[in-house]
Amino acid sequence: MADSPNLTKIPDAKRRYKPGVIPYATMGYWEPDYQVKDTDILAMFRVTPQPGVDPIEAAAAVAGESSTATWTVVWTDRLTACEIYRAKAYRVDPVPNTGPGTTTEAQYFAYIAYDIDLFEPGSIANLTASIIGNVFGFKAVKALRLEDMHIPIAYLKTFQGPATGIVVERERLDKFGRPLLGATTKPKLGLSGRNYGRVVYEALKGGLDFVKDDENINSQPFMHWRDRYLYCMEAVNKAQAATGEVKGHYLNVTAGTMEEMYERAEFAKQLGSVIIMIDLVIGYTAIQSMAKWARKNDMILHLHRAGNSTYSRQKSHGMNFRVICKWMRMAGVDHLHAGTVVGKLEGDPLMVKGFYETLRSSYAPVSLENGLFFKQDWASLNKVMPVASGGIHAGQMHQLLDYLGEDVVLQFGGGTIGHPMGIQAGATANRVALEAMVLARNEGRDIRSEGPEILRDAAKWCQPLRAALDTWGDITFDYTSTDTADFTPTAVAV
Amino acid sequence: MRVTQGTFSFLPDLTDPQIAAQVEYCLRQEWAVSVEFTDDIHPRNTYWEMWGLPMFDLRDAAGVMQEIRACRAANPHLYVRVSAFDSTRGWETVRLSFLVQRPAVEPGFRLERVEAAGRTIRYAVRAYSLDQPAGRRYRTSAETIAAPSEGR
């Protein structure tokens, strides 16, 4: 956007540092000519200015409040290399389909560059304290949403990254060429340890690779954690012997303190579990600590994104989930729930594709239709396995494989445990549907159009699959997503 | 029991044309296909015997099928798998791996439990077939015992 004449940087230091209140843009937080450095950390915010606030001043205020500024001029700036430490808003674009003539008030995309020395190496907590700190409560903006970030290689290399990663996870499990299958034990609350382990055994023996604790299963009166761990590992080992396959159960180690989490993780390791899990609500520092523990102890680390929708779902305020994906890859988790497209939880197909790209790619180019505003070179950080969970069933297998690819954990909780012939049959139905679909895809068949037929053919010899298709074949969750792309691809004449 | 290692173990055993189609898929991805066999089907047995080197320069599924048949003929009682290796940066690992032969009878595994401190149990998964010495596994007593095969 063009500069308003009164929003340019004041070049004369004496005038710039005169005590008082001046616009952030004039303090130097707006630099339309700024040349982004290779080592800069970039952020892109969706800004809804308060009525009467110039969008450029709003963007400059966001840059200021997320870096060095306070509300008034301070002379102590002059004791520092403040030109370096000041974040710079360098580009402001109106958001398509907002503002006059639309039903949405005017929003702007503000691009801001931060010098790498503003941040502590290897600390998501430090990075986020600036980027999503005080600035989100700042009065001059009515709403603010962090849409995307670019993390330079220099800063990425200060993070461990995923403890295990997709490649090594598959090698350890000896499972290749197909999505992994999981299920969350249901009911999520109330089962005793002994009954809980029954669900785990049935599902694993029937054909799943993993069963999962739910996010809110920790250590409650109906089932204390040690009891759950012991029964689950009995189930895992018994299922391994019954199938000759490596099996796992994500033991949730989430607890009130780090000390308790470490204690639970150590017990899981002692029992021979290949995987543990944590919840996003434990916080960024705790996640990084558990990722270091997992790397040190050869453990796969599953992260359940409990809590993210409180700030990622609404389009005008909060942050986009793709940024959480970036931070969690840096923080070092191996699994992250990232949407199903076809299931019961929020997830526009184009947006979900962007999340998966962020978690799995070595290099992700700019893709506005998928919400990727910056390219991202992942600098050889391990890849995160996305997890698709919530309201999916065997009848959608062709769509799941088509949308999500093969490096994903497909979790069918209700779609396994709710099977009319029992849990083992539910698991078998899912595994057969999956393998039949991968086989057909590799043979060159168009699974998107032939998928239902491929499933019906497999159901001819697999009764559990037939029963699954009869029960859920037509179930879909067709609601409009709230978090959708601002840009649609346009046909280009060749 | 039926060992369910490999990508397609829940489907009926693949026919040779089905195997050839999967091999063609691997070759289209420019993956190197290899054939391996074992008489030790423990889930943690990573290193199966190699039936020669991965076929890096072979771009024809018929050639791979020939090797699969030769491996089966030399090891008619054992497990044989096809694996496809991707040398692309960031992967450098197996991308597809599936069984192309399994013994007629799979005796399965015994789960051994040793009770330890607290309520902890130490588990060990042991294949019944490993109770037989190498060379005699998965063979019926009536069959002549030949020397264990050494690959090519």
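Reader: How many residues of chain A are in contact with chain B, and which helix of chain A gives the most to that side?
Author: In this predicted model, 28 residues of chain B are in contact with 30 residues of chain A. At least two residues of the touching side of chain A come from each of helix 7 (165–173), helix 9 (225–243) and helix 17 (423–442). By class, that side of chain A has 10 charged, 9 polar and 11 nonpolar residues. Of the 30 residues of chain A in contact, 8 come from the helix that gives the most, which is helix 9 of chain A.

Reader: Which strands of chain B stand at the edges of its open sheet?
Author: The open sheet of chain B has 4 strands, with antiparallel pairing, in the order 2-1-3-4. A strand at the edge has a single partner strand, so one side of it is left without a neighbour in the sheet, and this holds for strand 2 (49–50) and strand 4 (93–101) of chain B.

Reader: Which residue in strand 2 of chain B does B:Phe37 stand opposite?
Author: Strand 1 (residues 32–38) of chain B runs antiparallel to strand 2 of chain B, and 2 bridges join them. In strand 2 of chain B, the residue opposite B:Phe37 is B:Glu49.

Reader: What angle does the direction of helix 2 of chain B make with that of strand 1 of chain B?
Author: Helix 2 (residues 61–74) of chain B packs on the sheet, where it touches strand 1, strand 3 (79–86) and strand 4 of chain B. The direction of this helix makes with that of strand 1 of chain B an angle of about 5 degrees.

Reader: In chain A, which residue of strand 11 is the bridge partner of A:His302?
Author: In chain A, 8 strands with parallel pairing close into a barrel in the order 5-6-7-8-9-11-14-15, and neighbouring strands of this sheet are turned against each other by 25 degrees on average, direction ignored. Strand 9 (residues 300–304) and strand 11 of chain A pair in the parallel sense over 2 bridges. The bridge partner of A:His302 in strand 11 of chain A is A:His335.

Reader: Is helix 14 of chain A largely enclosed or largely open, and how many of its residues are buried?
Author: Helix 14 (residues 349–360) of chain A reaches 16 Å from its first C-alpha to its last. Its buried residues include A:Phe355 and A:Tyr356, and among the elements that cover the buried residues are helix 13 (321–331) and helix 15 (397–404) of chain A. Helix 14 of chain A is largely enclosed by the rest of the structure, because its buried residues number 10 of the 12.

How values were computed
Residues are numbered from 1 along each chain as its sequence is written. Chains are lettered from A and ligands numbered from 1 in the order in which they are written. This is a predicted model: local features need pLDDT of at least 70, side-chain atom pairs count only at pLDDT 80 or more; totals for chains, interfaces and linings use all residues. Two residues are in contact if their C-beta atoms, placed from the backbone, lie within 7 Å. Ala, Val, Leu, Ile, Met, Phe, Trp, Tyr, Cys and Pro count as nonpolar, Asp, Glu, Lys and Arg as charged, and the others, Gly among them, as polar. Two strands pair if DSSP finds at least two bridges between them. Axes are lines fitted to C-alpha atoms, for helices over the stretch in contact, and angles run from 0 to 180 degrees between N-to-C directions. The expected span of a helix is 1.5 Å times one less than its number of residues. A residue is buried if 20 or more other C-beta atoms lie within 10 Å of its own, exposed if 12 or fewer, and partly exposed in between; C-beta atoms are placed from the backbone.
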